[in-house]
Amino acid sequence: MHERNSVAELVNSLRGELDRYREGGKLPSSRALVERYRVSPVTVSRAVARLVAEGLVVTRPGAGAFRAPPRTEARAPGDTSWQEISLSGDGGPEAVPRTVDASGVLVTLAAPPAGVIELNGGYLHPSLQPERALSAALARAGRRHCAWGRPPMDGLAELRSWFAREIGPAVTPADVVITAGGQSALATALRALAPPGAPVLVESPTYPGMLAAARAIGLRPVPVPVDADGVRPELLDAAFRATGARVFVCQPLFQNPTGTVLAPGRRREVVAIARAAGAFVIEDDFARRLVHDDAGPLPAPLAADDPDGVVVHVCSLTKITSPSLRVGALAARGPVLERLRAIQVVDSFFVPRPLQEAALELVGSPAWHHHLRTMAGELRNRRSALTAALRQELPELTVPLVPSGGGALWLRLPDAGADSSALVAAALREDVAIAPGRPYFCAEPPAEHVRLSFGAAAGTAEIAEGVRRLRSAHDSLLGRRGASERSVSLPS
C-alpha cells in the first residue's frame, strides 16, 4: 500500500512540473528523481510509466524521458443517428432483434461511489480475494518455460485435466475447453446450441448476465418457475412441449438469485426430460466453490453422471478468486464439443497463456485449499450477519431461503405498494447500494424482490451498517407514501 501511495504522489509531483519543460525537453534522470524525492527506483519507474500511459511523457531507450508533444484536439462528433436504423433489425431476416440490455449485469459490476456500502456486488470484496496467492502464482507462472508462448487451442492439458477431475468421473480432459471465464462460456454455449430466434428455457428468476447474453444473439428466453427445491420438472416438461425449445439453462447448485439447490429427486428427472425432448441442459455451476462451512456434502454436478452428453457444463475460477482471473471451462461430450470448440476459437483464439499458467499454479498450491476453507467460514459469517440484521431491522422483508452457498440473499418485498426500483433509489440516497429484482425475470415478475450481497461487503460491521441504512431508506419510502395518501384523502 505504501508503494502505491508513493507512486501516486510522485506522479502528481511530476505532472505539476511538466510545464517547466518545453516540448521534447528532457526530464531529470531516474537517479536524480530517486535522490530528489527519496523514493525507490521501482517507484520512479512506475511513476514514469504512468505518465507515459497518460500521453504526457515519452521515453527513448538509452536516452531518458522527455515531455511529450501536446495532444491534438478531439474531432467534433459526427452524425451517428443512422445507426439506430441499422441496428434495429427491422425488416431483417432475424425473428428476434439482437438488442443488448446489460443493465442487470452492470448493477453488480460497476463500483459504487465513494462512501456507498456495496450490497449489490457480484464478486468477493477485495479483502476476501486471495491477492497474495494470486500474485505468487502469477510470478511462478511467469518463470515457466514458454509462459508467453501460444497455448493449445483447447487450453493447457494440465488445466483441462484439473477441471475434468473437479467435474466428475464422466468427464475426461478431452471433453474440456478452457474459456475466458464463465460469462464467455455461457455465451459460447448459447450460440452453439440455439439459432437466432429460437426459444431457450431458463429458470425464473435467473442470472441477468445469461439473459443478456441470450438476447444479444437473438434468442427468446422462456421462464420456467423454481420453488424451494429448484426448477419444477412438470413445468419444464410442459415448456419443452409448448415451445419446441432445444436448450434449458439452469444453476442446480445455490441458484442465482434464490440460492436453491436442485433436489436429489429432480436431478435425474430434469436431465431425462431434456433427453426426451432432444434438448441440451446448460449447467452453470458458478457457485460450487462459494460453499459455506455449514453446507454439508454437496451433490455432484449434473455432468458428472451424463453418459449421453445431454449436459453442457460451465464453471469458472473467477467468482472465488478475482474478477480479473477470467479462467473457466466448458465440458461436453459428443459432436456438440466440436461446435463449442469452433466458436471459442473464432471468438477469441485462446485464453492468454499467462492466465492459464497462473490458474494452474494457484490451484496446485497449498494456498488454494487454505483459501477455500477460509472463504467457507467467512461467507457463512457474513450470511449470518446479514440474516440477523434483516430480522432485527427489516422484518417486513421476507427471506424465502437462507442458502448455504453463494454470496447473496434474495428478499421478497411486502405485497402492498412495494416497488423495488423505488427502494433501490432510496437506498442509494442513504449511501447503500442494493440490486433490484426485476432484471432477474425474463417476463413479468410474480412479486417485487431485491438482492443483497454479503460477499461484496467489507465485513460484518459494514453489513450491519448497510442494513441500518436500508431501514432508513425503507422508512423514507413509507413516509412519502403516507404523505401522498394523506394528500389524496384531504377534503376539497
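Where does F349 lie? In this predicted model, F349 lies in the loop between α12 (336-348) and α13 (353-363). F349 is not a glycine, yet its phi is positive, at about 65°. The residue is exposed, with a relative accessible area of 54%. F254 also has a positive phi, of about 50°, and is not a glycine. F254 sits in the loop between β8 and α11. It is buried, with a relative accessible area of 3%.

Cis peptide bonds were examined next. The bond from N256 to P257 is cis, with omega near 20°. P257 is found in the loop between β8 (247-250) and α11 (264-276). The bond from S204 to P205 is cis as well, with omega near 5°. P205 lies in the loop between β5 (199-204) and α9 (208-216).

An open sheet is formed by 8 strands. Their order is β4-β11-β10-β9-β8-β5-β6-β7, and the pairing is mixed. The edges are held by β4 (176-179) and β7 (230-231). Each has a single partner strand, so one side of each is left without a neighbour in the sheet. Within the sheet, β10 (residues 311-316) and β11 (residues 328-331) run antiparallel and are joined by 4 bridges. S316 stands opposite G328 in β11.

Charged pairs were then considered. Side chains of opposite charge can pair when their charged atoms come close. The structure holds 27 salt bridges. One of them joins D227 and R266, with the closest N and O atoms 2.8 Å apart. This pair links distant parts of the chain: D227 is in strand β6 (residues 220-227) and R266 in helix α11, 39 residues apart. D227 is partly exposed, with a relative accessible area of 29%. R266 is buried, at 15%.

D294 forms a salt bridge with R383, the closest N and O atoms being 2.7 Å apart. This pair also links distant parts of the chain, 89 residues apart. D294 is in the loop between β9 (280-284) and β10, and R383 is in helix α14 (residues 366-393). D294 is partly exposed, at 42% relative accessible area, whereas R383 is buried, at 7%.

E378 pairs with R382, the closest N and O atoms being 2.5 Å apart. The two are 4 residues apart in the helix, so about one helical turn separates them. E378 is partly exposed, with a relative accessible area of 28%. R382 counts as buried, at 5% relative accessibility. Elsewhere, salt bridges that share partners join R140, R144, R353, E357 and E361 into one network.

Terms used. Residues are numbered from 1 along each chain as its sequence is written. This is a predicted model: local features need pLDDT of at least 70, side-chain atom pairs count only at pLDDT 80 or more; totals for chains, interfaces and linings use all residues. Side-chain values use heavy atoms; hydrogens and water are left out. Buried means under 20% relative accessible area, exposed over 50%, partly exposed in between (1.4 Å probe, protein chains only). Two strands pair if DSSP finds at least two bridges between them. A salt bridge is a side-chain nitrogen of Lys or Arg within 4 Å of a carboxyl oxygen of Asp or Glu.
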